[in-house]
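Have the sequence and the 3D view open side by side as you read.

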Amino acid sequence: DLDFYFLGPVSIGGNSNENSFVFILRFGNNQFLFTGDAESRLINYSQLKTNAQTLGIPFTADVLKYPHHGNATLDGNFLREINPQYVIVPNNGYGYGPTSANNIKNTSGATIYCLNGKNGCDNAPKTNNIIVHSDGNTVTVEN
């Protein structure tokens with residue numbers, strides 16, 4: 001009983017990051033937003049929201065997989081609209097990046113998990129593994 005709703009890429013570009021799938025996985029009453037490797041400039045908030053509305057689904061997510069290795073900077077309106085309970089930063093790596101767990105938390109109120117977290121994850125839990133459980137109504141995260 002899984003549904004996939006592909007919201008992007010909004011347009012096809014010249015590199016693989018530009019062609020990342022952005023999709024919502026829906027299981028029961030839970031939604032998970034996956035942003036692939038899309039860079040900030042490729043996360044067209046208004047177009048993705050319009051695409052979700054066209055597909056008849058809310059533009060929200062219980063879990064947001066943060067884009068571009070955690071090095072993207074998402075618009076505050078995007079985070080507020082998605083209103084995630086959990087944000088997974090896949091690899092705030094390379095020793096740099098504008099992702100700030102404190103900024104994400106202040107904007108969305110979400111609990112942040114940084115996989116292989118390095119600079120930029122503030123005091124968010126850093127882990128090598130994370131398991132997200134859903135029964136279709138409740139989401140829990142095992143760190």
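## Helix α1 and its faces

Just after α1, G56 takes a positive phi of about 80°. Helices here are DSSP runs of H or I with at least four residues, strands are runs of E with at least two, and both are numbered from the N terminus. A word on the source: this is a predicted model, in which local features need pLDDT of at least 70 and side-chain atom pairs count only at pLDDT 80 or more, while totals for chains, interfaces and linings use all residues. Residues are numbered from 1 along each chain as its sequence is written, and side-chain values use heavy atoms, with hydrogens and water left out.

Back to the helix itself: L48, N51 and A52 are the buried residues of α1. Buried means under 20% relative accessible area, exposed means over 50%, and partly exposed is in between (1.4 Å probe, protein chains only). Looking down the axis of α1, you'll find its buried residues within an arc of 100°, so they line one face of the helix; the arc is taken from the directions from the helix axis to the C-beta atoms. What do they pack against? The buried residues of α1 pack against β1, β2 and α2. Q53 and T54 are exposed residues on the face of α1 turned away from its buried side.

## The chain as a whole

Zooming out, the protein chain has three helices and nine strands. Along the sequence they come in the pattern β-β-β-α-β-α-β-α-β-β-β-β.

Of the chain's 143 residues, 43% count as buried. Take the contacts between residues at least 6 apart in sequence: 50% of them join residues at least 24 apart, a contact being heavy atoms within 4.5 Å. The accessible surface of the chain is about 7200 Å², and 46% of that belongs to carbon and sulfur atoms. Those areas come from the Shrake-Rupley method with a 1.4 Å probe, and for residues only the protein chains shown count as cover.

## Aromatic pairs

There are six aromatic pairs in the structure. Rings of Phe, Tyr and Trp (its six-membered ring) pair if their centres lie within 6.5 Å; planes under 30 degrees apart are stacked, over 60 edge-to-face, and the rest tilted. One of the pairs is F6 with F23: the ring centres are 5.3 Å apart and the planes sit at 40°, so the pair is tilted. F6 is in strand β1 (residues 2-8) and F23 in strand β2 (residues 22-27), so this pair ties together parts that are 17 residues apart in sequence. F6 is partly exposed at 47% relative accessibility, whereas F23 is buried at 16%.

Then there's F59 with F78, an edge-to-face pair at 5.8 Å centre to centre and 85° between the planes. F59 is in the loop between α1 (45-55) and β4 (63-65), and F78 is in helix α2 (residues 76-82), so the pair ties together parts that are 19 residues apart in sequence. F59 is buried, with a relative accessible area of 4%, and F78 is buried too, at 1%.

## A ring cluster and a surface patch

Ring pairs link F4, F6, F21, F23 and F34 into a cluster. On the surface, L2, F4, F6 and F21 form a nonpolar patch with about 440 Å² of accessible area together. Patches take residues with over 30% relative accessible area and no salt bridge, joining like charges within 9 Å and nonpolar side chains (Val, Leu, Ile, Met, Phe, Trp, Tyr) within 5 Å.

S20 belongs to the loop between β1 and β2. Is this serine buried or exposed? At 10% relative accessibility, S20 is buried. Leaving out residues up to four places away in sequence, S20 touches G8, P9, T35, G36, D37 and A38.

Searching the whole structure turns up one salt bridge, meaning a side-chain nitrogen of Lys or Arg within 4 Å of a carboxyl oxygen of Asp or Glu. K49 forms a salt bridge with E81, and the closest N and O atoms are 3.4 Å apart. K49 is in helix α1 and E81 in helix α2, so the pair ties together parts that are 32 residues apart in sequence. K49 is partly exposed at 24% relative accessibility, and E81 is partly exposed at 27%.

S108 and E81 are 27 residues apart in sequence and 8.7 Å apart in space, C-alpha to C-alpha. S108 lies in helix α3 (residues 101-108) and is buried at 12% relative accessibility. Apart from neighbours within four places in sequence, S108 is in contact with L79, N83 and P84.
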